[in-house]
Amino acid sequence: MDQTGITTETPKSPWGSVAPAAPSCSLAEVMSEQLARQLDEENNSFPALSETGSELLTADEAADTTSDLMLAQMLQMQFDREFDDQLRREEKKFNGDSKVSISFENYRKVHPYEDSDSSEDEVDWQDTRDDPYRAEKPQTTPRKGFTGKGKNITTKHDEVTCGRKNTARMDNFAPEVHVGDGLGMDLKLSNQVFNSLKQHCYSEQRRSARLHEKKEHSTAEQAVDPRTRLLMYKMVNAGVLENINGCISTGKESVVFHANGGSLEEQPVPDEVVLKVFKTTLNEFKNRDRYIKDDYRFKDRFSKLNPRKIIRLWAEKEMHNLARMKKAEIPCPEVVLLKKHILVLSFIGKDHVPAPKLKDAMLGSEDMKDAYYQVLQMMQKLYQECNLVHADLSEYNILWHEGKVWLIDVSQSVEPTHPHGLEFLFRDCRNVATFFQKRGVSEALSVYELFNTVSGLNVPVGAEDEAEFMAEIVALEKRNEDHVQRRGKKTFPVATEDGGPPPLKPDTDD
């Protein structure tokens, strides 16, 4: 085959056309003296400036710009000037036409004497520390204790000097104490006045801090502290409560809130419940320990040094007392849940309206007579079957609902073996007898007869002298206390099973 007609084709590059390579110089050409001279001339030649009127930098100016540090300082100075200009405009805008102005001098980058080359740097007295209207602070006394010579000696105990120093020291008081411009008025305070003011400011600071801490960590009237509020939120989030509606009652020991019930694990919660939040302050009920420290159920756990633990024991005490009363079929609220110092109880009332107290109930003569016999029977059951004394029984702690009387507020209830149990019972009998006798119940027994009927002790009434009767009661309490201490057991049998609410998980946090 004749291959003479076949021409060789240059293969195409996939990256496009390739520029032809520059012709290479031989080593002889590179080393030639003529080429070296030509390259040297090209490197030493400067291009002509295109702009007319431009001048080359002098040698001195070029030397200044060769240092990076110098350039950085020049740029920083320019930035500081611009910042000060902006700060000056902000200061004028802030002060306006006010006679009392505020200076931003401490925030400036460049001081006035350093910034004198600018035409806008005419600084008035507001931009300096030299305020002609500002009162001069008193000069400090040297270490030697006096100034001057001869008859003109002024010691550090000088009345005028001390007065001005005391006035200047008032600036160190707390910010909330308004001391005014004492220096401007040339006020002179004696040491006695200054010390009184200083002590007063210190006392006010401590009182303010104490009140703030007390407000944050205590349950006050119709209000709860953050810890209690968190517990209530947790109950709502856990589904135990649907919502909390508001406060329905307040007392010396607790605040009662109305709520809608949800569900507790598999046990349903009543549709309407109340949250009894025991107050963590002891101001209104300072003698709580009288009811709890001698109760054998809580004697070992009583701690007078920790009020929060006392409040929890107080709530637990009411839970156990209500459980005993429920077991004896005494009308009372049913315990749903106990969480620290919050007790969830069934609601006695209907449609968010609580049942009225016995003192507020509008009852006829027959209903009042029926209520008296119910209270009498309830007191006998409470003493004989539940082995409890209410210790605060009155028309304020008895509700009237659906034709029946209901007992509430049994957190202070104690057993008859309590050192003051019979005294509490006598006080309850006096409150009940007095109330029903004033309401016109002719069948109401006297205080002494009611006490013997409820307790079954048959204390001789005699001439019905209260002092003699109380002496007999105190003697019985003393004998009973000696018997308990000697035998190590209680005079009256006590049920060991209270049948309380469902067990709770231990809660160790405060």
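# Contacts, hairpin and pocket in a predicted model

Glu402 is placed in the loop between β12 and β13. The model is a predicted one. At Glu402 phi is near 55°, a positive value in a residue other than glycine. Most residues other than glycine have a negative phi. With a relative accessibility of 65%, Glu402 counts as exposed.

## The β12–β13 hairpin

The hairpin that holds Glu402 is built from β12 and β13, with two residues between the strands. The two strands pair in the antiparallel sense, over four bridges.

Strand β12 covers residues 398–401, and both of its faces are covered. Ile398 and Trp400 are buried on one side, while Leu399 and His401 are buried on the other.

Asp409 lies in the loop between β13 and α11. Its phi is also positive for a residue other than glycine, near 55°. Asp409 is partly exposed, with a relative accessible area of 22%.

How many salt bridges does a search of the whole structure find? The search finds eight.

| Glu318 | Lys276 | 2.9 Å |

Asp409 is in the loop between β13 (404–407) and α11 (421–438) and Lys276 is in strand β7, so their pair ties together parts 133 residues apart in sequence. Glu318 and Lys276 are both buried; for Lys276 the relative accessibility is 3%.

Glu443 is in the loop between α11 and α12 (447–455) and Lys369 is in helix α10 (residues 365–384), 74 residues apart, so the pair links distant parts of the chain. Glu443 counts as partly exposed at 30% relative accessibility, and Lys369 is partly exposed with a relative accessible area of 29%. Through shared partners, salt bridges join Glu253, Lys276, Glu318 and Asp409 into one network.

## Aromatic contacts

A pair of aromatic rings is described by the distance of the centres and the angle of the planes. The structure holds ten aromatic pairs. One of them is formed by Tyr372 and Phe436, whose ring centres are 5.1 Å apart and whose planes stand at 70°, so the pair is edge-to-face. Tyr372 is in helix α10 and Phe436 in helix α11, 64 residues apart, and the pair links these distant parts of the chain. Tyr372 is buried, with a relative accessible area of 1%, and Phe436 counts as buried at 1% relative accessibility.

The rings of Phe426 and Phe451 have centres 6.2 Å apart and planes at 70°, so this pair too is edge-to-face. Phe426 lies in helix α11 and Phe451 in helix α12, so the pair ties together parts that are 25 residues apart in sequence. Both Phe426 and Phe451 are buried.

Tyr372 and Phe436 also belong to one aromatic cluster with Tyr373 and Phe435. In a further contact with a ring, the charged end of Lys317 sits over Trp314, 5.8 Å from the ring centre.

## The largest pocket

Rolling a probe the size of a water molecule over the atoms shows where empty space is left. The largest pocket has a volume of about 620 Å³. Its lining is made up of 30 residues. Which of them lie nearest its centre? They are Ser249, Val256, Lys357, Ile408 and Asp409.

The elements that give two or more residues to this lining are β3 (241–250), β4 (254–261), β7, α9 and β9 (342–346). The largest share, three residues, comes from β3.

Notes
Residues are numbered from 1 along each chain as its sequence is written. This is a predicted model: local features need pLDDT of at least 70, side-chain atom pairs count only at pLDDT 80 or more; totals for chains, interfaces and linings use all residues. Side-chain values use heavy atoms; hydrogens and water are left out. A salt bridge is a side-chain nitrogen of Lys or Arg within 4 Å of a carboxyl oxygen of Asp or Glu. Buried means under 20% relative accessible area, exposed over 50%, partly exposed in between (1.4 Å probe, protein chains only). Rings of Phe, Tyr and Trp (its six-membered ring) pair if their centres lie within 6.5 Å; planes under 30 degrees apart count as stacked, over 60 as edge-to-face and the rest as tilted. A charge sits over a ring if NZ of Lys or CZ of Arg is within 6 Å of the ring centre and within 35 degrees of the ring normal. Two strands pair if DSSP finds at least two bridges between them. On a 1 Å grid over the protein atoms alone, a cavity is a set of points where a 1.4 Å probe fits but cannot get out, and a pocket is an open set with protein on both sides within 12 Å along at least five of seven lines; lining residues have an atom within 4 Å of a point. Grid points are joined across faces, edges and corners, and a volume is the space filled by probe spheres set on the points.
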